[in-house]
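Please take a moment to look over the chain before reading on.

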Amino acid sequence: MNFTLRTMTQQDLRAVAEIEAGVFTDWYRIYRREPEPLSERTIEALRYAISLDPDANLVAVADDGAMVGFILARTWGRVGWFGTFGVPTQLQGLGIGTALVNHTVDYLEQKADVIGLETMPESGANIGLYTKLGFVATYPTHIIELPLIREAERFKSARVEDALVWEALGSSGRRRALCEIREIGDSILSGLDYSGEVEAIHSHGFGRTLLSRGEGDRLNGFAILRSTSIRAENTTGRAYIHALAVRPGADGPSVLDDLLQQVWASCVSLGLARVAAGLSGRYQSALPLFLERGFRVMRAGIRMVRLPVSEEVFQASDAIHLSRWAG
Ligand SMILES: CC(C)(COP(=O)(O)OP(=O)(O)OC[C@H]1O[C@@H](n2cnc3c(N)ncnc32)[C@H](O)[C@@H]1OP(=O)(O)O)[C@@H](O)C(=O)NCCC(=O)NCCS
């Protein structure tokens, strides 16, 4: 089949939402025996997703003009990743996915030192595809979740009025916090920069960023909380900690307690029932800290990176850092 690749535009988003829901409905039926159709991502959610790096997102278009595949990609400073990504079920196996990934890798290579992705452990086909395209598995991602009401006793002193919210700062306060966020990211993984996420989640109205300051008013940690669902019909009442990081050298458990109190209070004030997050197995000593604070492990994903890449990504770290390479 003949197709061409081009950058995704705003006019493509309706078709992208349709293909994504269709292909993942099929996937969930086959691999997880979930019969209900997956509801579509909202156009606002796709607009927010592509805003971070507009040139990184691609569609594949057949000669007759029909969309036959799409890929979303992001860069967090010098860390780039792609996903979600899909080709309509009846058109899989024809090379469209390979072309989309190859093009994305070429693009990300110009900007990033790490090119990563997350995929589902059930999907041998995906692991095979990515392996053929030069990716290797690193650590799993533990997908963890905090049931908010069940843990109410633990967080009873948390008040939403006490949250230190990036959005509530003036322009110089915001700028300063973004510099500190960049500094913390870079000390966890070279070149990792979440400042664009902080601004995007705010300007698209999908959530807020919570800050933890310590001695000398220094930023010791932050949590980027997505509280608006990306899907049209969502009854899960689930928020997502999009990213959370604690400054290496700070008192990790107490900074984490401060951030989680703010996360808990922010979510409960919005009537949400649970908050989920992704923790790479690279941060081995962090998982017990989250379990001690009421989180449960729900499942795992597989992280892969394209070679060559710095050895750093394969080395265990005692940092506290949440994020997923999937969106
Ligand atoms: C993943 C997806 C986008 C790939 O798109 P696609 O157009 O089918 O991919 P391609 O046809 O380019 O390539 C598939 C490759 O995987 C290989 N492959 C498939 N099953 C495999 C297996 N079990 N083991 C090893 N390799 C396998 C094929 O051999 C093929 O490689 P080849 O062209 O060198 O032979 C598509 O299958 C899809 O939409 N899946 C459902 C959604 C999804 O999983 N998205 C990705 C989430 S991380």
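What follows is a guided walk through this structure, one part at a time.

The model is a predicted one, in which local features need pLDDT of at least 70 and side-chain atom pairs count only at pLDDT 80 or more, while totals for chains, interfaces and linings use all residues. Residues are numbered from 1 along each chain as its sequence is written.

We begin with the domains, whose bounds come from an automatic or database domain assignment. The chain is divided into domain 1 (3-112) and domain 2 (144-301 + 313-323), and the C-alpha centres of domain 1 and domain 2 lie 27 Å apart. Where they touch, domain 1 contributes 14 residues and domain 2 contributes 16 residues, a contact being two residues whose C-beta atoms, placed from the backbone, lie within 7 Å. On the side of domain 1 that touches domain 2, helix 2 (residues 43-51) gives the most, with 5 residues; helices (H or I, at least four residues) and strands (E, at least two) are DSSP runs, numbered from the N terminus.

Next comes the interior. In soluble globular proteins, nonpolar side chains tend to be buried together. A nonpolar core is a set of buried Ala, Val, Leu, Ile, Met, Phe, Trp, Tyr and Cys residues joined through C-beta atoms within 7 Å, and a residue is buried if 20 or more other C-beta atoms lie within 10 Å of its own, exposed if 12 or fewer, and partly exposed in between. The largest nonpolar core here has 91 residues, of which Ala223, Ile241, Val263 and Val275 touch the most other members. Helix 7 (residues 252-269) supplies the largest share of this core, 8 residues, and the core draws at least three residues from each of domain 1 and domain 2. Ala223 itself touches, among others, Leu210, Ile241 and Val263.

Now turn to the ligand, which 21 residues surround, the closest being Gln92, Gly97, Thr98, Ala125 and Gly128; a residue is near a molecule if its C-beta atom, placed from the backbone, lies within 6 Å of it. The largest share of this shell, 6 residues, comes from helix 4, and helix 1 (13-32), strand 4 (79-86) and helix 3 (96-109) each supply at least two residues.

Finally, consider Pro140, which is found in strand 6 (residues 135-147). Is Pro140 buried, exposed or partly exposed? Pro140 counts as partly exposed because it has 18 C-beta neighbours inside 10 Å. Its contacts, not counting residues up to four places away in sequence, are Gly281, Ala300, Gly301, Ile302 and Arg303.
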